[in-house]
Amino acid sequence: MSRVLVLLFVLGFALASRFAGFEVKPRGNSELDISTGVYTLPNGGTITDNKSGLVLEARYIQYKDGEFIRAQGATLRSKDGDFSAASLEYLQKPDTLRMTGVRFSSKDIRGLSAQQGLLLREDVLVLKGEVRSSEPYLEASTVVVETGRNQALVLGSFTFRDGSTVLRGNRPDSTLLLSFGEGRVRASTRVPAETLNRLRPYADRL
């Protein structure tokens, strides 16, 4: 799960940082609304950042240079794996990436999904709604990931299983802290107050 979440952050950050200048290949027509400056690709297409190698492909795309990219049926591809979303919206100001129907897969890790995702410029990823991971096994309603510190705060009811370790929270105010490092995941239901106070407010942003 650690590698998945870090990679999700890298992909999202790359989108926010690199798509300021990008190459667009429409699938079919490209329509420009002169009054708004918004381009629409009704049949979708591909947006490529040639410097990072990140590719966004979607069945429907709207974008305005320097302001936003909106896509439906979207897939973000990199050499490390594929990240898909039913819908995706990147806003340059504020620098955020909002998604629904989030899924991630790579040759090493599969099974991370959530109904909603929000990536913030503070290096924080919020996943909400039927959050699931297969290795280690996790079911939760809300997860707040702080990538810079390799930590994830699980809020609300959850089930966590890693080898012989099984932890469950059955209350709306249940909490679990996951810490990643050296190929291991450490889990604790004793969340320091400082960590809880720092990360919990992000859950309300989504």
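Reader: Is Glu67 buried, partly exposed or exposed, and what is its relative accessible area?

Author: In this predicted model, the side chain of Glu67 meets that of Lys64 in a salt bridge, with 3.4 Å from N to O. Lys64 counts as partly exposed at 24% relative accessibility. Buried would require under 20% and exposed over 50%, and Glu67 is therefore partly exposed, with a relative accessible area of 40%.

Reader: How many salt bridges does the structure hold, and which residues are linked with Glu146 in a network of them?

Author: The structure holds 11 salt bridges. Glu146 forms one with Arg149, where the closest N and O atoms are 3.6 Å apart, and one with Arg198, where the closest N and O atoms are 2.7 Å apart. The network of salt bridges that includes Glu146 also links Arg149, Glu194 and Arg198.

Reader: How many residues apart in sequence are the parts that Glu146 and Arg198 tie together?

Author: Glu146 is buried, with a relative accessible area of 11%. Because Glu146 lies in strand β12 and Arg198 in helix α2 (residues 193-199), the pair ties together parts whose separation in sequence is 52 residues.

Reader: Where does Glu130 lie, and what is its phi?

Author: Glu130 belongs to strand β11 (residues 124-134), and at 47% relative accessibility it counts as partly exposed. Ser113, which is found in strand β10 (residues 110-120), touches Glu130 as well as Val102, Arg103, Val131 and Arg132, when residues up to four places away in sequence are not counted. Although Glu130 is not a glycine, its phi is positive, at about 50 degrees.

Reader: Does Ser113 count as buried or exposed?

Author: The cut-off for buried is under 20% relative accessible area. Ser113 has 15% relative accessibility, so it counts as buried.

Reader: What is the bridge partner of Arg161 in β14?

Author: Strand β13 (residues 151-162) and strand β14 (residues 165-169) run antiparallel and are joined by 5 bridges. The two strands form a hairpin with 2 residues between them, and Gly163 in the turn has a positive phi of about 65 degrees. Within β14, the residue that partners Arg161 is Val166.

Reader: Which two residues does a cis peptide bond join?

Author: The bond has an omega of about -5 degrees, and its proline, Pro94, has its place in the loop between β8 (81-91) and β9 (96-105). The residues joined are Lys93 and Pro94.

Reader: How many residues does the largest nonpolar core have?

Author: In soluble globular proteins, nonpolar side chains tend to be buried together. Within the largest core here, the residues with the most contacts are Met99, Val143, Val154 and Leu178, and the core has 36 residues. A second, separate core, which includes Leu118, Leu120, Val191 and Leu206, has 14 residues.

Reader: How much accessible area do the residues of the nonpolar surface patch with Leu32 have together?

Author: Leu32 lies in strand β2 (residues 31-33) and is partly exposed, with a relative accessible area of 44%. With Ile34 and Tyr39, Leu32 forms a nonpolar patch on the surface, and together their accessible area is about 320 Å².

Note on methods
Residues numbered from 1 in each chain as written. Predicted model: local features only at pLDDT ≥ 70, side-chain atom pairs only at ≥ 80, totals over all residues. Heavy atoms only, no water. Pairing = 2+ DSSP bridges. Helix = DSSP H or I, 4+ residues; strand = E, 2+ residues; numbered from the N terminus. Patch = residues over 30% accessible without salt bridge, like charges linked within 9 Å, V, L, I, M, F, W, Y side chains within 5 Å. Areas by Shrake-Rupley, 256 points an atom, 1.4 Å probe, with all protein chains shown as cover. Salt bridge = Lys/Arg side-chain N within 4 Å of Asp/Glu carboxyl O. Buried < 20%, exposed > 50% of the residue type's maximum accessible area, 1.4 Å probe, protein only. Contact = heavy atoms within 4.5 Å. Core = buried A, V, L, I, M, F, W, Y, C linked by side-chain atoms within 4.5 Å.
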